[in-house]
Amino acid sequence: MSWLNATNMDESSKMEIHRLLERPDELEETFHNDLEFGTGGLRGIMGIGTNRMNKYTVGMATQGFSNYLKSQFEENIKVAIAYDSRNNSRVFAETTANVFSANGIHVFLFEELRPTPELSFAIRHLGCQGGVVLTASHNPKEYNGYKAYWSDGGQLVPPHDKNVIKEVKKIKSIDEINFHANASLIQPIGAEVDAAYLEMIKSLSLSPDAVKKHNDLKIIFSSIHGTGITMVPKALEELGFTQVQVVKEQADPDGNFPTVIYPNPEEKEALSMALKQAEKMDADLVMATDPDADRVGIAIKNSKGEFQLLNGNQTGVLIVYYLLKKYSARGFKGNEYIGKTIVTTELIRDISKSFEVNCYDTLTGFKWIADMIRNKEGKEVFIGGGEESYGYMIGEAVRDKDAVASSVIIAEMTAWAKAQGLGLFDLLIKIYKEYGCYYEELKSITKKGLKGAEEIKKMMEDFRSSPPQTLAGSVVTEVIDYLEGVKISEGGEREMVDFPKSNVLQFLTEDGTKVSIRPSGTEPKIKFYFSVRSEFDGTNYFDTEGKLKSKVHNLLNDLNL
């Protein structure tokens with residue numbers, strides 16, 4: 001076994017491999033293939049082995065990334081590195097810094113854990129050519145990950161993603177990794193970047209008068225044991241909010257995430273402590289961020305006086321509506337735009353259209369929104385946008401989803417609504433009355449192993465070869481196949497779509513229903529995104545929502561799910 005013979009291998013790792021040699025099943029699981037450096041980097045369970053996150057797989061990824069950076073930039077290459085609260089994140093960050101510096105690359109290493117969006121900001125702020133953040137987002141505690149960034153502050157996109165993958169695959173042995181750090185090239189960062197990042201976030205404010213008037217807005221915040229605690233309370237305080245209460249039981253960064261099953265702000269269970277605290281203090285707003293603080297979930301009081309979690313689409317709709325309202329009041333310059341992903345609600349497009357602002361779609365994943373911003377830089381101005389999976393971005397200074405800036409804008413938006421005698425739920429109802437009531441739902445089907453992968457492949461092939469003619473009683477008027485790069489209308493006319501190729505299918509119906517199907521890029525799942533719509537007169541919201549939920553149930557039946 002090459003790992004046992006490697007001179008770079010430490011003794012404790014060798015001892016663990018010897019232990020595994022006596023347990024063939026475990027050995028097979030940890031060494032049966034290589035942890036793949038995909039288009040977003042690495043993500044996997046921590047442990048020894050080629051199929052695990054450890055200092056050697058991290059070292060190989062960094063050696064390959066170093067080699068590529070050196071092939072693209074002649075000298076003075078700089079990178080920034082951040083890490084979250086997960087177990088081993090600091091160790092992996094130091095390993096990454098050591099390998100970069102050993103390859104003659106100047107490293108800015110955050111002294112303490114920081115949010116992913118601050119890493120994106122730091123890359124641009126410090127003039128770096130690349131960056132890495134050690135995080136596995138909202139995955140279970142056994143996982144960690146490695147996300148790679150380019151000079152624009154966005155995650156790697158073509159051609160760089162594929163080219164870095166090629167370089168990483170060239171590393172065949174641990175002994176090809178240069179672990180011999182050059183300490184003089186590793187520069188700790190912290191307070192100065194924090195101050196610049198917070199100053200940038202303050203500059204995004206659009207309603208200072210509303211914040212001043214309602215600075216005592218009662219806000220409950222939970223970082224769910226992650227990095228959000230380092231920046232979100234501070235950012236809210238600097239904007240002027242005086243009644244921010246942190247959920248203390250979840251405030252300490254802890255990679256074991258002891259108070260939750262999953263550290264995911266999409267899950268009600270993860271917000272249960274925050275909701276209990278909100279009930280006690282009769283809060284105006286509840287917010288929670290995931291471990292690397294790039295996604296935020298919120299809860300608000302509904303018309304029944306109960307705290308209700310909003311889904312990612314609903315929060316995105318509120319943010320976009322607020323941004324466009326405020327930009328409209330001060331006057332558009334005519335080159336502003338909104339960005340969203342193809343699986344995100346079309347209500348965002350409807351709202352943008354009513355303000356005569358362009359709304360552009362990208363493939364799923366924030367790297368594509370960042371890539372769009374880079375391509376339009378200097379010609380058009382990105383106001384904001386997001387994706388249905390609880391990620392939003394405000395302005396162009398950060399090129400990844402930013403739960404810190406989003407939390408500030410959500411709080412400010414709540415103050416702005418309150419100044420008009422509205423809660424956020426009232427504002428959402430007002431939007432639905434104006435544009436129609438939308439309801440979105442995600443159905444994920446897990447199919448593990450090689451057999452599961454084949455089943456997912458077969459499902460996609462079947463939907464391609466035999467697309468549904470009707471869905472929930474409405475005629476399918478368009479099929480969009482992003483792998484083939486084509487849109488097929490009801491009459492059979494074919495039109496090319498200008499997107500990078502991706503294994504996604506969409507079915508659009510006469511009544512405005514949208515169904516999107518895609519295999520997950522990071523998990524053994526196939527995902528079905530449903531979006532349905534009906535007219536709404538502003539009354540009996542829960543009845544209307546119930547009818548739309550029934551419609552999604554019919555769609556599930558039509559697709560045999």
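This note covers a sheet, a helix packed on it, one glutamine and the cysteines.

1. The model is predicted: local features need pLDDT of at least 70 and side-chain atom pairs count only at pLDDT 80 or more, while totals for chains, interfaces and linings use all residues. Residues are numbered from 1 along each chain as its sequence is written, and side-chain values use heavy atoms, with hydrogens and water left out.

2. Five strands form an open sheet in the order 8-7-9-10-11, with mixed pairing. Strands are DSSP runs of E with at least two residues, and helices are runs of H or I with at least four, numbered from the N terminus; two strands pair if DSSP finds at least two bridges between them. Strand 8 (244-246) and strand 11 (307-309) are at the edges with a single partner strand each, so one side of each lacks a neighbour in the sheet.

3. Strand 10 (residues 296-301) pairs with strand 11 in the antiparallel sense over three bridges. Opposite I300 is Q308 in strand 11.

4. Q63 belongs to helix 4 (residues 55-72). Q63 is buried, at 4% relative accessible area (buried means under 20%, exposed over 50%, partly exposed in between, with a 1.4 Å probe and protein chains only). Beyond neighbours within four places in sequence, Q63 is in contact (heavy atoms within 4.5 Å) with V99, N103, I171, E176, I177 and N178.

5. The disulfide count is zero, a disulfide being a pair of cysteine sulfur atoms within 2.5 Å. For C359, the nearest cysteine sulfur is that of C437, 19 Å away. C359 is buried at 11% relative accessibility, and C128 is buried at 3%.

6. Helix 10 (residues 232-239) lies across strand 7 (219-222), strand 8 and strand 9 (285-289), at about 155° to strand 7. Axes are lines fitted to C-alpha atoms, for helices over the stretch in contact, and angles run from 0 to 180 degrees between N-to-C directions.
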